[in-house]
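Subject: Structure handover

Hello,

Here is the structure I promised to pass on. Please open it alongside this email; my notes follow below.

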Amino acid sequence: MTFARESWPFVLPFALLAAALLAVGRFSWALAPAAAGLAILAFFRNPRRQFEGETGIVLAPADGRITRVDAIEDAELGPGRYHLVVTFLSVFDVHVQRAPAAGLVVTSRRAAGRKIAAFRAAAGAVNERHLTVIRRPNGDLVGVRQIAGLLARRVVCYLDRGDRVDRGQALGLIKFGSRVDLLVPASYQLLVREGERLRNGATPVAAPPAPDLAADRAGALQ
């Protein structure tokens, strides 16, 4: 178990306060800031995950519960229809996101916005958000949209346009409650349903058409 580096500005003040209270003998008073610091640190936890399945399978980018599955068009990704899988993250979920597929980052773009509740349908269009689009080796586009929620203060993305990423590589995080949208081509087979819980970098979400999956398998063996 590791922790995202963004945790320290939030955790250190509580740790220092607890240490100061212990230094002056206020042991019972130190319990509250120590507990608060540990709770915040847990929010930034980054458990190690591994998926042993097919290389072409698209994995969940985020922990949380699926609140919507739909077929849409998205101008930010380009022409064509996409499966949309919306994952809601409560404050108790892991808030680090991971790349759902390997490939080249062709879009990494932040949009400023409001902070309405992440479970509301309009949140994807009006809240602060960051879109990352990965072009897989076969040319397919896979998008991840990190969306701030009511309590989220900032969306963080580690990837820049032109980066090459591996599936399961750390993509970023959203601080304190949020939503993550995954977009995959409509030709892919969805492997999940609304209401299911996901684990980033571990839960298979979508599979490309059989010929593409076979090509991915052949490429991995070379």
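Two strands count as paired if DSSP finds at least two bridges between them. β9 and β13 meet that cut-off with six bridges, in the antiparallel sense. One of these bridges can be checked by residue: V144 has L182 as its bridge partner in β13. Bear in mind throughout that this is a predicted model.

The sheet

β9 and β13 belong to an open sheet of eight strands. The order is β11-β7-β8-β9-β13-β5-β4-β15, and the pairing is antiparallel. The edges are β11 (164–165) and β15 (197–198). Each has a single partner strand, so one side of each is left without a neighbour in the sheet.

Follow the order on from β13 and you reach β5. Strand β13 (residues 178–185) pairs with β5 over eight bridges, again antiparallel. Look for T87, whose bridge partner in β13 is V180.

Next comes β4. Strand β4 (residues 64–74) and strand β5 (residues 78–89) are joined by nine antiparallel bridges. The two form a hairpin, with three residues between them. D74 has its bridge partner, G78, in β5.

When you look at side chains here, remember that in a regular strand they alternate between the two faces of the sheet.

Now go to the loop between β8 (129–135) and β9 (141–148), where D140 sits. Which side chain of opposite charge is nearest to D140? R136 is, at 4.2 Å. A salt bridge needs a side-chain nitrogen of Lys or Arg within 4 Å of a carboxyl oxygen. D140 therefore has no salt bridge at the 4 Å limit, although D140 is buried. The D140 side chain does have a polar contact: the side chain of Y188 is 2.6 Å away.

A nonpolar patch

M1, F3, W8, L12 and L16 make a nonpolar patch of about 530 Å². Helix α1 (residues 8–23) gives the largest share, with three residues. L16 lies in this helix. Is L16 buried or exposed? L16 is exposed, with a relative accessible area of 58%.

Where to look

Best wishes

Technical notes:
Residues numbered from 1 in each chain as written. Predicted model: local features only at pLDDT ≥ 70, side-chain atom pairs only at ≥ 80, totals over all residues. Heavy atoms only, no water. Helix = DSSP H or I, 4+ residues; strand = E, 2+ residues; numbered from the N terminus. Buried < 20%, exposed > 50% of the residue type's maximum accessible area, 1.4 Å probe, protein only. Lys, Arg positive; Asp, Glu negative; His and termini not counted. Polar contact = N/O pair within 3.5 Å; in protein donor to acceptor, adjacent residues only side chain to side chain. Patch = residues over 30% accessible without salt bridge, like charges linked within 9 Å, V, L, I, M, F, W, Y side chains within 5 Å. Areas by Shrake-Rupley, 256 points an atom, 1.4 Å probe, with all protein chains shown as cover.
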